[in-house]
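Keep the structure open as you read.

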Amino acid sequence: IYGDVERGLVTMVGDRTYITTADGENNVSPRLPGDALEPPIGDLSRAVTTALENSDFTRSGTEVITGSAATRYEVELTDRSIAAFSDPVPIVSQDVTRLTIWIAGKYPRRIEMVTASGYRESLTFRSIGDDVTITAPSGDYTFDPDPDLGYPIDVE
């Protein structure tokens, strides 16, 4: 349905970015100023729930996402919905053809977007409202001063 799907894992700790690609390659790169998830998770979480309230959508069941029962919402991509998901934090672009959001309690647990070209991106929220300690992943990493991800990733 979606074509090729590749997954990777990105972990940012201090001044380093650790990347594990779909084929198991481990690279570590310098983290540059401003190199972070934009918008910050808290802002994105608030923007998603507000945008969903101001959008047209269909509830399509409940699924367990990161250990929580989450309601699945298929967002109808009308002008109203696209505007809601574009302000104040741009979440979708004009070429998004499918937007699905899972909400548990008052927090988003997953956002999935598909574009006209078939590119699919999924963002999963794992520890909302909890204190989180992020540590560098274990294993052997090759230093890469300029990584090119080139595919969708799950940011966790």
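A residue is called buried under 20% relative accessible area, exposed over 50%, and partly exposed in between (1.4 Å probe, protein chains only). What you see is a predicted model, where local features need pLDDT of at least 70, side-chain atom pairs count only at pLDDT 80 or more, and totals for chains, interfaces and linings use all residues. Residues are numbered from 1 along each chain as its sequence is written, and side-chain values use heavy atoms, leaving out hydrogens and water.

Start at Thr21, in the loop between strands E2 (16-20) and E3 (26-30); strands are DSSP runs of at least two residues, numbered from the N terminus. With a relative accessible area of 18%, Thr21 counts as buried. Its side chain makes a polar contact with that of Asp23, at 2.4 Å. Such a contact is a pair of N or O atoms within 3.5 Å; within protein, one must be able to donate a hydrogen and the other to accept it, and residues adjacent in sequence count only if both atoms are side-chain atoms.

Next comes Thr66, in the loop between E4 (57-65) and E5 (68-75). Thr66 is partly exposed because its relative accessible area is 29%. Though not a glycine, Thr66 has a positive phi of about 50°.

Finally, look at Thr100 in strand E6 (residues 96-104), which is buried at 0% relative accessibility. The Thr100 side chain makes a polar contact with the side chain of Glu74 (2.9 Å).

Note on methods. Helix = DSSP H or I, 4+ residues; strand = E, 2+ residues; numbered from the N terminus.
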